[in-house]
Amino acid sequence: MPILTQVLIGALVGAHASTWGMYKDAPHEGFALLKYLRSIVLAAAIAPFVATILDLVPSGLPEALILFGCVYAGERAVLETWKTFFREEDQSKYAIPMQLAVFGRTVKSRSVRILFGVLYLGAIIGGVLLVSRLRVPPATPSWLLAATIGALGGWFSAFGGAWKDAPIEGFQILKFFRSPLIAATWAWLLYQLGATPAQGMLGAIGYTVATTETWKTFFFPSVPRGKFAGKPVLFPDMLRTRQYFIPLYAGIWIILLIGFVLSFLRMA
């Protein structure tokens with residue numbers, strides 16, 4: 001698959017992530033075109049690097065679907081790491097701090113946040129490299145890979161979410177186990193398509209984020225994001241304007257679902 005196609009896949013990833021982010025945030029923050037384009041440009045830029053690092057040769061539809069999930073995970077990792085550890089922003093507008101916090105209290109020292117950000121990135125990169133070197137027996141069932149390696153990203157997200165949200169919202173046991181279960185399901189599908197352990201793990205993270213955010217955003221549109229819980233809607237006109245982006249978002253999901261159906265039909 002040429003680099004141009006990889007970039008296009010990355011742009012679709014970015015459009016998907018930007019749309020659910022805008023849909024939830026714009027009524028509180030307003031719409032900023034540069035902010036909306038940020039994920040699109042970032043995901044398009046890192047897509048070829050993700051494919052190279054994971055030795056993912058996207059020669060057909062299954063590989064493209066795997067790449068979509070992996071780029072989604074990469075885009076989220078880069079952006080959330082930047083917002084949590086490196087960005088300097090007034091946190092008073094949030095109900096839940098977006099910067100690094102300990103027991104609900106924001107770490108004020110930027111140098112300390114940067115230090116932990118570097119360590120955090122090192123842990124992520126080291127973990128991916130470690131998993132990429134795993135050699136599992138060819139006869140290993142896909143469900144076993146999914147329940148172990150594939151679900152790792154979901155557990156990482158569950159513990160990270162509990163660390164950030166639980167001091168403010170309280171611990172929710174169903175919410176805690178949601179990401180690992182969804183990640184294991186997506187990982188099983190990706191392993192069925194021929195993903196390596198690392199590709200399946202990262203791809204499952206990406207699809208898990210896409211799934212959970214779709215559920216929270218579009219099935220409960222009147223419920224504000226946790227970080228804006230109790231905060232006023234400052235841009236009520238965006239409640240109407242944001243609806244125009246739904247066809248783009250739904251269209252990407254339709255393309256993905258058709259891709260999975262076609263891939264499995266060809267394997268049958």
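Okay, let's start with Lys83, which sits in helix α3, residues 61–86 (helices being DSSP runs of H or I, at least four residues, numbered from the N terminus). Quick note before I go on: this is a predicted model, where local features need pLDDT of at least 70 and side-chain atom pairs count only at pLDDT 80 or more, while totals for chains, interfaces and linings use all residues. Residues are numbered from 1 along each chain as its sequence is written, and side-chain values use heavy atoms, with hydrogens and water left out.

So, is Lys83 buried or exposed? Lys83 is buried, because its relative accessible area is 14% (buried is under 20%, exposed over 50%, partly exposed in between, with a 1.4 Å probe and protein chains only). What does its side chain do in there? The side chain of Lys83 makes a polar contact of 3.1 Å with the side chain of Glu80 (N or O atoms within 3.5 Å; within protein one able to donate a hydrogen and the other to accept it, and sequence-adjacent residues count only if both atoms are side-chain atoms). If we skip residues up to four places away in sequence, Lys83 touches Met98 and Gln99 (contact is heavy atoms within 4.5 Å).

Stay in helix α3 and find Arg76. Arg76 has a relative accessibility of 11%, so it counts as buried.

Now for a residue in a loop. Asp55 lies between α2, which is 33–53, and α3. Asp55 is not a glycine, and yet its phi is positive, about 55 degrees. Asp55 counts as exposed, because its relative accessibility is 62%.

Next, Glu29, over in helix α1. Glu29 comes out at 22% relative accessibility, so we call it partly exposed. Its side chain is in polar contact with the side chain of Lys35, at 2.6 Å. And if you compare Glu29 with His16, they are 13 residues apart in sequence, and their C-alpha atoms are 19 Å apart in space.

Right, on to how helices cross. Two packed helices are described by the angle between their axes and the distance between the axes. Take α1, residues 3–29, and α10, residues 246–267: their axes come within 10 Å and cross at roughly 135 degrees (axes are fitted to C-alpha atoms over the stretch in contact, and angles run from 0 to 180 degrees between N-to-C directions). That's why α1 is oblique to α10 (under 35 degrees is roughly parallel, over 145 roughly antiparallel, 65 to 115 roughly perpendicular, the rest oblique). The crossing is left-handed (near helix turned anticlockwise from the far one by less than a right angle; clockwise is right-handed).

Who meets whom there? From α1 we get Leu12, Ala15, His16, Thr19, Trp20 and Tyr23, and they meet Ile246, Leu248, Tyr249, Ile252 and Trp253 in α10. Those residues split into nine nonpolar, two polar and no charged (nonpolar: Ala, Val, Leu, Ile, Met, Phe, Trp, Tyr, Cys, Pro; charged: Asp, Glu, Lys, Arg; polar: the others, Gly among them).

Last stop: helix α7, residues 173–192, whose axis comes within 11 Å of the α10 axis and crosses at roughly 50 degrees. So α7 and α10 are oblique to each other, and this crossing is left-handed. Trp186, Leu189, Leu190 and Gln192 in α7 meet Trp253, Phe260, Phe264 and Met267 in α10. By class, we have seven nonpolar residues, one polar and no charged.

Definitions and conventions:
Helix = DSSP H or I, 4+ residues; strand = E, 2+ residues; numbered from the N terminus.
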